[in-house]
Amino acid sequence: MNTTHTIEEFTQALLKPSMYDALAISEKYINEDNDIKKFWENIIVPSMYIIGNKWANAEITVGEEHTATSICQRVMAEYYEKILMHSEQNKEKIIVTISPNELHQVGARMVADLLELNGYDVEFLNSSCTIETILDKINNQNIRNVIISTTLVSSLNSTENLITNIRKNSTEKVKIYVGGQAYTSDKSIETNADVCISNVDELLEHLKENK
């Protein structure tokens with residue numbers, strides 16, 4: 001299957017907008033559970049980058065961007081039952097969350113899904129969760145790994161504050177990973193996290209080392 005053509009088709013479906021077309025494209029691509037990861041990384045990620053760039057360049061409205069994101073999330077949700085079949089095989093619980101005040105959840109949701117496909121027990125916390133809630137979950141569930149997704153460069157300061165709070169107030173030694181478009185767009189960005197990751201495979205390698 002031609003990846004470039006599939007990206008173009010999926011992007012067009014998101015902008016049309018057509019949930020039916022987007023889902024049909026995913027069903028044509030995904031024939032087994034291992035294909036979910038490929039579709040998330042090879043089709044959804046570049047398609048959402050295209051959507052984001054179109055919005056940044058005023059080629060589409062914020063409403064169109066939100067609709068495209070919503071369709072993308074609904075397509076991903078269609079495969080969640082299959083993803084859950086792989087969850088908890090490794091038993092370790094991991095928190096995946098989003099930088100404070102961000103509304104962009106697709107990237108973080110993808111990371112959570114792919115971790116579950118690899119057997120991890122993942123708790124996904126959206127940006128509406130307070131720092132107190134995150135700390136409570138870390139301390140009460142003995143969380144050792146936290147992943148924070150950041151899309152906007154403007155969210156980096158609040159992300160640093162979140163990391164500082166986790167380090168200061170968690171009872172466990174927590175390893176903190178950050179990633180997302182905010183970091184990939186500028187490689188010079190410094191962070192007080194333990195690791196800045198660029199893809200899920202890299203994250204999985206670090207998690208294995210931290211067992």
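**Entry 1: the two domains**

I began with the contact between the domains of this predicted model, and I found 16 residues of domain 1 in contact with 13 residues of domain 2. The domain assignment that I used places domain 1 at 3–83 and domain 2 at 93–210. When I looked up the C-alpha centres of domain 1 and domain 2, I found them 23 Å apart.

I then turned to area, because the size of an interface is often given as the accessible area lost when the parts come together. Between domain 1 and domain 2 I noted a buried area of about 1300 Å², and carbon and sulfur atoms give 67% of it. On the side of domain 1, the residues that lose the most area to domain 2 are K37, Y49 and I83, which together make up 36% of what that side buries.

**Entry 2: helices α2 and α3**

Next I followed helix α2, residues 19–29, to where its axis comes within 10 Å of the axis of helix α3, residues 34–56, and I noted that the two cross at roughly 130°. I therefore wrote down α2 as oblique to α3, and I recorded the crossing of these two helices as right-handed.

**Entry 3: helices α3 and α4**

I stayed with α3 and looked at its pairing with helix α4, residues 62–77, where the axes come within 9 Å and cross at roughly 170°. The angle makes α3 roughly antiparallel to α4.

In this contact, α3 supplies W40, I44, M48, I51 and W55, while α4 supplies V62, E65, A68, T69, C72 and M76. By class, I noted nine nonpolar residues, one polar and one charged for the contact of α3 with α4.

**Entry 4: two backbone details**

My last search was for backbone exceptions, because most residues other than glycine have a negative phi, and most peptide bonds are trans.

Where does P17 lie? I located P17 in the loop between α1, residues 3–15, and α2, and the peptide bond that leads from K16 to P17 is cis, with omega near -15°.

I also noted N101, which is not a glycine and yet has a positive phi of about 70°. I placed N101 in the loop that lies between β1, residues 93–98, and α6, residues 106–117.

How values were computed:
Residues are numbered from 1 along each chain as its sequence is written. This is a predicted model: local features need pLDDT of at least 70, side-chain atom pairs count only at pLDDT 80 or more; totals for chains, interfaces and linings use all residues. Side-chain values use heavy atoms; hydrogens and water are left out. Axes are lines fitted to C-alpha atoms, for helices over the stretch in contact, and angles run from 0 to 180 degrees between N-to-C directions. Helices (H or I, at least four residues) and strands (E, at least two) are DSSP runs, numbered from the N terminus. Angles under 35 degrees count as roughly parallel, over 145 as roughly antiparallel, 65 to 115 as roughly perpendicular and the rest as oblique. A crossing is left-handed if the near helix is turned anticlockwise from the far one by less than a right angle, and right-handed if clockwise. Domain bounds come from an automatic or database domain assignment. Contact means heavy atoms within 4.5 Å. Buried area is the accessible area (1.4 Å probe) that two parts lose on being put together, summed over both. Ala, Val, Leu, Ile, Met, Phe, Trp, Tyr, Cys and Pro count as nonpolar, Asp, Glu, Lys and Arg as charged, and the others, Gly among them, as polar.
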